[in-house]
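Thanks for coming, everyone. I'd like to walk you through one model this morning. Please have a look at it first.

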Amino acid sequence: MTLKTFKGGLHPPDSKHYSAEKAIEICPLPEELIIPLAQHIGAPAEACVEVGVLVKKGTLIAKAKGFVSVPIHASTSGEVVAIEPRLHPMGKALPAIVIKPDGEDSWDESLKGADPASLDADELKKRILAAGMVGMGGATFPAHVKLSPPPEKKIDTLILNGVECEPYLTADHRMMIEATERILDGIKILLTVLGIERAVIGIEANKPDAIEIMTKAAGPCNIEVQALEVKYPQGAEKQLIDAITGRQVPSGTLPMEVGVVVHNVGTCAAISDAIRLGHPLVERVVSITGPAIKQPKNLLVRVGTSLQFLVDQCGGLNGEAAKIIMGGPMMGQTQLSLEPPAIRGTSGLLIFREQDLPRLTAGPCIRCGRCIGACPIDLQPTTIAAYARLDLFDETADYHALDCIECGCCTYICPATLPLVQSIRYAKAAIMAKKRTL
Ligand code: SF4
Ligand code: SF4
């Protein structure tokens, strides 16, 4: 199979050997589940239960607040013991519903599934929203929003993201091997919702077992599998669309602009469960990995389980944690401690010791241009970052700072180890803040 790809990017070591061969295990129940109300792009959900209420697994505990928002459900059966700010992976205390499990882990019996063939596109979409479905690749964009393009945007292709280009992460890889049929079922449901026939699953060539299994299973369903060159950020939406269709999503627009909708493979499996079983999104696979983890694993984790509990299930640490990252090392979020919970967008937990980290000293820009060559968006990271350091935000906007997808390629490749993506992120926040006041 010819490998497709996009322009730019780079080849960091994939470091997936820690957990790639580890079959998914079910994570035990922790003593408490901390379920934040903000777990998705858009307005946080609004609590609809009170302290003292008994809930079942899948019971609605917070309602969506607006179109770009999703509801949240209890991840196990038990008692709501607090609704209060708790440390969120974002690094600050945010409102959360705390559940003390009763140990039964029993599903809410009012949740009913259905044969997808018996439901029309609107009803399927309604159920996807009611299940709190979001993009599980890490972006957590509400799935129903992506499935609601305006009538003038003609969609003809559904792309399934099985790329998992971030080093270390293996959750999607394991899902493609172990949950193949659920993923394909979810894809068929999405094709019905979108009213189209073409679906392409994109998988990086460093997962030959997943490519083989998915190709064998998808062929009879008329779903294509496309192997992709191993290159970061192959799994970023616009780069994936470019690689598979050759279409470029214009600056400031969404994939629907070029007739494409992209969903993660894990999201597809969850959508199948939501429709067939009536189960909302209350658990997901998380790779707990990195050199500091004694026994790296892929765990099926209930939303709200603390990071410390996940580490404990993997035999603890091989030394002192010097860096904790939720997600991948390129785009993940650094954590100050293991106190926050895993949420719907948590694809991985990486832990490094001091000796695992490179020793970097930032120097002046030597004008080598490597950051420009690596940028998948064709930006000039060195120029934008230089303006950002001087707080010249109009100039950063002129150089299209808002198009930056924060992939981190520029920072990774920079021989002067300049924190380019951090400066660009700072500029983007300033530009957006200014836009809001206009
Ligand atoms: S400027 Fe943004 S998009 Fe370009 S390489 Fe840097 S982080 Fe990635
Ligand atoms: S990679 Fe670093 S040193 Fe080279 S041009 Fe970009 S900012 Fe300057």
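Let me start with a question: which residue in β16 does I324 stand opposite? I324 stands opposite Q335. We'll come back to that pair of strands.

First, the ground rules. This is a predicted model, where local features need pLDDT of at least 70 and side-chain atom pairs count only at pLDDT 80 or more, while totals for chains, interfaces and linings use all residues. Residues are numbered from 1 along each chain as its sequence is written, chains are lettered from A and ligands numbered from 1 in the order in which they are written, and side-chain values use heavy atoms, with hydrogens and water left out.

Now the overall picture. The chain has 13 helices and 17 strands. Those are DSSP runs, numbered from the N terminus: helices are H or I with at least four residues, strands are E with at least two. The C-alpha atoms fill a box of roughly 65 × 50 × 50 Å along the principal axes. Of the 438 residues, 53% count as buried. Buried means under 20% relative accessible area, exposed means over 50%, and partly exposed is in between, with a 1.4 Å probe and protein chains only.

On to the sheet. It is open, with 6 strands in the order β1-β14-β13-β17-β15-β16, and the pairing is mixed. β1 (24-26) and β16 (333-335) are at the edges, each with a single partner strand, so one side of each has no neighbour in the sheet. Two strands pair if DSSP finds at least two bridges between them.

Take β13, residues 283-289. Here 6 of its 7 residues are buried. β13 pairs with β14 (residues 297-302) in the antiparallel sense, over 6 bridges. There, R284 has V301 as its bridge partner. β13 also runs parallel to β17 (residues 348-352), joined by 3 bridges. In that pairing, I288 partners L349.

Which residue in β17 is the bridge partner of M326? It is L349. This belongs to the antiparallel pairing of β15 and β17, over 4 bridges.

Back to where we began. β15 (residues 323-326) pairs with β16 in the antiparallel sense, over 3 bridges. The two form a hairpin with 6 residues between them. In the turn, G327 has a positive phi of about 100°.

Next, a helix. Is α3 (residues 171-178) enclosed or open? 7 of its 8 residues are buried, so α3 is largely enclosed by the rest of the structure. Among the buried ones are D172, H173 and R174.

Last, the surface. I41 lies in the loop between β2 (33-36) and β3 (46-47). I41 is partly exposed, with a relative accessible area of 41%.

That's the tour. Questions, please.
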